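This walk-through takes the ligand site and then the aromatic side chains. Keep the 3D view open while reading.

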Amino acid sequence: MPMASEACAVLLGSVGPVGPGLGCLKMPPDRPLFAPSQRFLSISCKMRQRNLGSQPKRQRSKKFPPKSSTVNMKSQSNDDEDNGAQDASGGHQLNSDSRTLSSANGDSNSIVMTVEALPSANDGVTQIEKVHGRQIPSVCLEDLIAMIRNAEKNILLLNEARVQALEDLDKILSEKEALQTDLNNLEMKLAETDARIKVTAREKIHVELLENQLEKLKNEMASNRFLGEKHDLHDNEEKLNLDSVTLGAKNSPLAQELSTLHKENMLLKDDIQNLKAKLDDVKETEQRVLMLEKERSILEISLKELESKLAIAQEDVSKLSAVKSDCKALSEKVESLQGLLDQATKQAERAVTVLHHNHELQRKVDLLEASLQQANADKFSSEKALKYNELLEQKVKLLEERLQISDEEINSHIHMYQESVKEFQDIVDKLKEEIKKKSLEETMDDMPLEFWSRLLLTIDGLLLEKKISLNDASSLREMTWKKDNLIRDAYLACKGKVDNENLSSFLKLALSRPSSGLNIVHIAAEMAPIAKVGGLGDVVSGLGKALQMKGHLVEIILPKYDCMQYDRICDLKVLDVALQSYFDGQMFKNQIWVGTVEGLPVYFIEPHHPAKFFWRGQVYGEHDDFKRFSYFSHAALELLYQSGKKPNIIHCHDWHTAFVAPLYWDIYATRGFNSARICFTCHNFEYQGVTSASELASCGLDVHHLHRPDRMQDNSAHDKVNPIKGAIVYSNIVTTVSPTYAQEVRTTEGGRGLQETLNFHSKKFVGILNGIDTDAWNPSTDTFLKVQYSPDDLLGKTQNKKALRKDLNLSTSEAFRPLVGCITRLVPQKGVHLIRHAIYRTLELGGQFVLLGSSPVPHIQREFEGIANHFQSDPHVRLLLKFDEALSHTIYAATDMLIIPSLFEPCGLTQVLICFS
Ligand code: ADP
């Protein structure tokens with residue numbers, strides 16, 4: 001359709017100047033040939049713009065009859081075939097004027113129009129002029145007629161096109177109208193929708209408000225669960241329901257939405273309630289678990305306290321028997337007092353009956369007086385009446401007298417009663433005071449060993465920090481060691497703190513007394529559970545505790561390893577002192593730390609040496625172990641020396657602290673530090689720390705003096721020194737861990753080269769069987785265990801087994817499978833090949849196997865790592881190649897069997913532990 005108009009416009013443009021020619025067709029010259037085209041054009045343009053957005057309509061409007069769209073009209077060309085030939089002959093090519101038109105916008109729907117076969121306007125004019133001028137009649141009449149006919153045809157066609165265009169216009173107008181109505185409808189709908197949106201927004205706000213209200217109510221309900229509030233909430237909900245109903249009335253779809261929202265809210269509320277209930281349950285359970293755990297820890301603490309109390313109580317049985325006799329006497333007194341009280345109570349009861357009787361009499365007197373008054377009122381004048389009156393008066397007198405007597409009686413009874421009550425109260429008060437005093441004394445005696453150890457460390461700290469004199473320190477130490485009540489009271493009076501303010505009053509309060517126990521100092525490389533590698537650690541703490549219990553003052557000196565179990569050290573603190581010690585021709589600073597471990601006072605030496613001797617992540621196995629431990633031995637003696645201690649026994653263990661013996665006698669004894677005697681214990685003669693003689697000089701020992709066959713020279717490698725040999729030679733007493741082993745090591749087979757030395761010093765060499773710390777390894781008190789148990793109730797063992805299986809990811813489905821354990825250092829001595837065999841054999845026989853062990857020997861460690869990897873996902877085997885004290889306790893407690901395939905064993909604490917557990 002638009003193209004039709006364009007075609008017309010083009011025609012107009014090209015035909016316009018033909019005006020005079022068309023004038024003969026009675027068309028006004030100034031008027032366009034196709035007058036409606038202006039309007040049509042504007043409409044068609046509008047239509048195009050509109051149609052850009054409505055493709056289907058444009059498609060429809062394209063349905064023109066091809067005739068009307070191609071105005072070039074084939075018939076015209078056909079008709080003009082002759083003319084064409086003439087034109088050609090006339091040298092006027094119509095085609096020269098033919099124009100190719102296309103829509104300006106290149107629309108694909110545009111129609112290409114070719115105006116052809118029309119004679120050129122100029123040609124026509126020329127021809128007509130020529131005709132009118134009656135000039136050469138070169139154009140014949142027929143031609144003109146034909147031209148006119150053509151023109152007429154063209155006019156007809158144009159008219160047809162015009163009619164068509166008008167029809168189209170009508171259609172367009174009607175379409176426009178339809179569109180307008182559509183538009184109006186749409187606008188109305190739009191307005192309607194706007195209004196609805198506004199309403200919905202308002203309703204939404206309202207709903208949000210309601211939801212907020214609901215939320216608030218829920219919160220209220222959560223915070224306060226009283227029934228009344230529930231009721232309120234119900235009311236509120238009802239209110240909400242009402243609101244929603246009202247809303248529903250206003251707007252039904254919205255009401256529906258609201259009701260679904262409400263339903264959802266209700267469901268959510270239910271869910272929230274359920275969740276809350278569950279949460280409450282969980283919280284309750286958690287709280288219960290926490291409470292139980294707290295209770296458990298409290299119970300454990302109190303159990304420990306009770307145990308220590310029991311030990312002290314056993315020692316104090318004699319004291320208690322005296323207290324008992326006191327108590328007996330007191331209870332006799334109480335009994336006699338009770339008798340007195342009973343008597344007094346009886347008297348009081350009697351007094352009450354008399355009082356009652358008196359009341360009775362009083363009532364009678366009142367009655368008589370009343371009758372007397374009555375008689376007076378009746379004015380009896382007769383003698384009888386007078387006599388009667390006199391009698392009555394006498395009776396009254398008598399009764400008054402009796403009343404007075406009984407009143408006096410009562411008062412005396414009451415007085416007596418009050419006095420006996422007072423007496424009784426005084427005695428009770430006295431008893432109470434006595435009992436209080438006794439219980440206070442008992443509590444004081446019950447001070448845990450931890451208290452004494454802490455006190456001792458405080459005194460040593462004060463001395464090292466030069467806050468108290470050496471003499472004061474010695475006296476205070478002795479008192480502490482003797483658990484003297486005076487120092488205890490003094491310390492408690494200073495509120496357990498002996499700082500600068502309290503120091504002088506503490507010293508004033510404290511007095512010294514002679515001691516009977518020994519001061520024993522252990523210098524060692526291990527101590528269980530904080531720094532343990534093997535049995536040595538167990539012995540140091542176990543023996544220390546046992547000696548402490550016997551009334552000796554036991555102190556431990558250890559290196560301050562980075563890899564210690566610090567959580568098992570109580571009150572660890574660094575002293576404000578830098579201890580200087582000799583090494584490699586220089587003096588090095590050492591930081592001194594103090595703390596208690598298993599109730600024992602422990603000193604930790606932290607050397608400020610560039611080699612960071614104890615900052616290696618492991619206790620042993622370093623290339624410079626000889627240097628590390630000879631340094632430590634020297635520093636430990638320096639600590640004792642500088643702190644002014646006068647120990648009775650210095651006990652050193654294994655080759656790591658064997659240097660202490662020659663250092664003590666060669667260096668410190670000559671300086672006057674000679675109160676102690678040296679005890680050396682060798683826990684395993686396999687390890688002797690043999691090294692080249694020159695190394696010995698680092699710790700200040702004289703190599704020339706010691707590198708001799710009768711002193712420290714190794715019996716096999718003569719260019720080397722042997723610390724164990726040095727300790728055997730220099731100690732006052734040498735012990736090993738069992739009498740059998742003591743025999744074994746004196747033979748060529750078992751002595752590892754030291755048999756001669758041991759035999760030479762046999763008088764001071766003794767084997768003492770190791771023991772274990774029965775507190776630390778008691779499954780009924782062991783805090784490392786998930787469940788404690790005793791021989792009377794082995795259910796705990798089963799529970800520990802289950803827990804261990806779970807923790808190690810071992811199969812728990814076949815609980816009947818026996819669980820076999822092995823806890824060991826993986827060294828050739830412990831028969832590693834037998835352990836390996838046991839793993840496979842256990843599997844073969846349908847058991848489960850747990851190995852806990854680590855190896856200082858690289859190829860053994862690698863081998864077991866291989867086995868561990870092989871069984872990584874096996875449900876019945878677990879190899880844990882590490883040291884883990886807590887896990888070792890669990891394995892001992894949980895397993896059904898334990899293997900200890902040692903090739904030789906100096907004592908074998910593992911064996912002892914197994915026997916115990
Ligand atoms: P040794 O002193 O020769 O190593 P003992 O049997 O006398 O052997 O003492 C070993 C001690 O070390 C035992 O208390 C044992 O439980 C413990 N132990 C050995 N290996 C480990 C480990 N990997 N983890 C925890 N404790 C271990």
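The paragraphs below start at the ligand and then turn to the rings. The model is predicted.

Begin at the ligand. It has 20 residues around it, and Gly535, Asp538, Arg825, Tyr892 and Thr910 come nearest. By type, the shell around the ligand divides into 6 nonpolar, 7 polar and 7 charged residues. Several elements each supply at least two residues of this shell: helix H18 (535-549), strand E14 (819-825), strand E15 (848-854), helix H28 (885-894) and helix H29 (909-916).

Next, look at the oxygen atoms of the ligand. Lys532 places a polar side-chain atom 2.9 Å from an oxygen atom of the ligand. Lys830 also has a polar side-chain atom 2.9 Å from a ligand oxygen atom. With Leu909 the backbone is involved: a backbone N or O atom of Leu909 lies 2.9 Å from an oxygen atom of the ligand. On its own, the ligand has 560 Å² of accessible area, and the protein covers 94% of that area.

Now turn to the aromatic side chains. The structure holds 24 aromatic pairs. One of them joins Tyr620 and Phe629, with ring centres 5.9 Å apart; the pair is tilted because the planes meet at 55°, between the limits of 30 and 60 degrees. Phe629 has 0% relative accessibility and therefore counts as buried.

Another pair is formed by Phe685 and Tyr741. Their ring centres are 6.0 Å apart and their planes lie at 45°, so this pair is tilted. Where do the two residues sit in the chain? Phe685 is in the loop between strand E9 (677-682) and strand E10 (691-692), while Tyr741 belongs to helix H23 (residues 739-744), so the pair ties together parts that are 56 residues apart in sequence. Phe685, at 0% relative accessibility, counts as buried. Tyr741, at 3%, counts as buried.

Finally, look for charged side chains placed over rings. Lys560 lies over the face of Trp593, 4.4 Å from the ring centre. Arg671 lies over the face of Tyr668, at 4.8 Å from the ring centre.

Definitions and conventions
Residues are numbered from 1 along each chain as its sequence is written. This is a predicted model: local features need pLDDT of at least 70, side-chain atom pairs count only at pLDDT 80 or more; totals for chains, interfaces and linings use all residues. Side-chain values use heavy atoms; hydrogens and water are left out. A residue is near a molecule or strand if one of its heavy atoms lies within 4 Å of it. A polar contact is a pair of N or O atoms within 3.5 Å; within protein, one must be able to donate a hydrogen and the other to accept it, and residues adjacent in sequence count only if both atoms are side-chain atoms. Accessible areas come from the Shrake-Rupley method with a 1.4 Å probe; for residues, only the protein chains shown count as cover. Helices (H or I, at least four residues) and strands (E, at least two) are DSSP runs, numbered from the N terminus. Ala, Val, Leu, Ile, Met, Phe, Trp, Tyr, Cys and Pro count as nonpolar, Asp, Glu, Lys and Arg as charged, and the others, Gly among them, as polar. Rings of Phe, Tyr and Trp (its six-membered ring) pair if their centres lie within 6.5 Å; planes under 30 degrees apart count as stacked, over 60 as edge-to-face and the rest as tilted. Buried means under 20% relative accessible area, exposed over 50%, partly exposed in between (1.4 Å probe, protein chains only). A charge sits over a ring if NZ of Lys or CZ of Arg is within 6 Å of the ring centre and within 35 degrees of the ring normal.
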